[in-house]
Structure formats: structure tokens, C-alpha cells
Amino acid sequence: MRLRLEQTPTIDNLRKYPAATVEKLRGLLTAGAEAHPDPHRKNFYDVENGSEMFYIHIAPSGKVLLLAKWRRQLAEARVAGTAFATQPLACRG
């Protein structure tokens, strides 16, 4: 889905990300960004920006809470690493 806010959002930077990160998110939300609603939490979204992902909550007041940011490639590598780590190891006797 495409997420676009009509007004320039106020963003609460709960994890103290650099100002440039907050401005990038603000620009994405103003211009319109690809987003995926969290199926378990109302008004929570994963917002895509190339290899970056933002996890946000949009409060009823319209304020945006920036909860997390990560590089997409790292998250995919962690999942692959976890899958590999759960495979049984061959023991040599």
C-alpha cells in the first residue's frame, strides 16, 4: 500500500536517531511511501525506503512515532543465519 500523510507530520524520535533520518522519514511520508500495515497492531507500519526500513506508529492525533530503523539486507541476512544455525550439525566420532 502507499502511505501518504496530507500534512507535514510531527515525528517523535524515540530512539534518538540522527536528525537526517527523521527528515528522510518525514519526506517519505509527505511524498508517499510504500508501507505494510502490521497485522497485529492497529496504525503500525513498516515503511520502505530502498534498503532501509522504518517501523512507525501513527497516533490518532496524526503524530508519528519512529520506533525503529534498520537496513533491509541485514535483517534478511539474520533470518538466513538463523535458519542455518538451526540445522543439525554432523558429529564426527
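Predicted model: local features only at pLDDT ≥ 70, side-chain atom pairs only at ≥ 80, totals over all residues.
1. Setting aside neighbours within four places in sequence, the residues in contact with Glu52 are Lys24, Val47, Lys69, Trp70 and Arg71.

2. Two names on that contact list come back when we turn to charge. Lys69 and Glu52 meet through their side chains in a salt bridge, at 3.3 Å from N to O. Lys69 sits in strand β6 and Glu52 in strand β5, so this pair ties together parts 17 residues apart in sequence. Lys69 is partly exposed, at a relative accessible area of 25%, whereas Glu52 is buried. Lys24 joins in as well: Lys24, Glu52 and Lys69 are linked in a network of salt bridges.

3. Now the sheet that holds β5. Six strands make up an open sheet with mixed pairing, in the order β1-β3-β4-β5-β6-β2. At its edges are β1 (2–3) and β2 (11–13), each of which pairs on one side only. β1 runs antiparallel to β3 and is joined to β3 by two bridges; there, Arg2 has Glu34 as its bridge partner.

4. The β3–β4 hairpin deserves a look. Strand β3 (residues 33–37) and strand β4 (residues 44–49) are antiparallel and share three bridges, with His36 partnered by Asp46 of β4. Six residues separate the two strands in this hairpin, and Asn43 adopts a positive phi near 65 degrees.

5. Six bridges hold β4 and strand β5 (residues 52–58) together in an antiparallel arrangement. This second hairpin has two residues between its strands, and Gly50 in the turn has a positive phi of about 65 degrees.

6. Which residue in the loop between β5 and β6 is worth checking against Asn43? My pick is Ala59, which lies in that loop. The C-alpha atoms of Ala59 and Asn43 are separated by 7.2 Å, although the two residues are 16 residues apart along the chain. Ala59 is buried, with a relative accessible area of 18%.

7. The helix comes next. Helix α1 (residues 19–31) lies across β1, β2, β3, β4, β5 and β6 (64–71), and runs at about 75 degrees to β5. Within α1, Glu23 and Arg26 are three residues apart, about one turn of the helix, and they form a salt bridge whose closest N and O atoms are 2.4 Å apart. Glu23 is partly exposed at 47% relative accessibility, while Arg26 is buried at 17%.

8. Finally, how many salt bridges does the structure hold? The count is six. One of them pairs Lys63 with Asp12, the closest N and O atoms being 3.6 Å apart. This pair links distant parts of the chain, with Lys63 in the loop between β5 and β6 and Asp12 in strand β2, 51 residues apart. Lys63 is partly exposed, with a relative accessible area of 32%, and Asp12 is also partly exposed, at 26% relative accessibility.

Definitions and conventions: Residues numbered from 1 in each chain as written. Heavy atoms only, no water. Pairing = 2+ DSSP bridges. Helix = DSSP H or I, 4+ residues; strand = E, 2+ residues; numbered from the N terminus. Contact = heavy atoms within 4.5 Å. Axes fitted to C-alpha atoms, helices over the stretch in contact; angles between N-to-C directions. Buried < 20%, exposed > 50% of the residue type's maximum accessible area, 1.4 Å probe, protein only. Salt bridge = Lys/Arg side-chain N within 4 Å of Asp/Glu carboxyl O.
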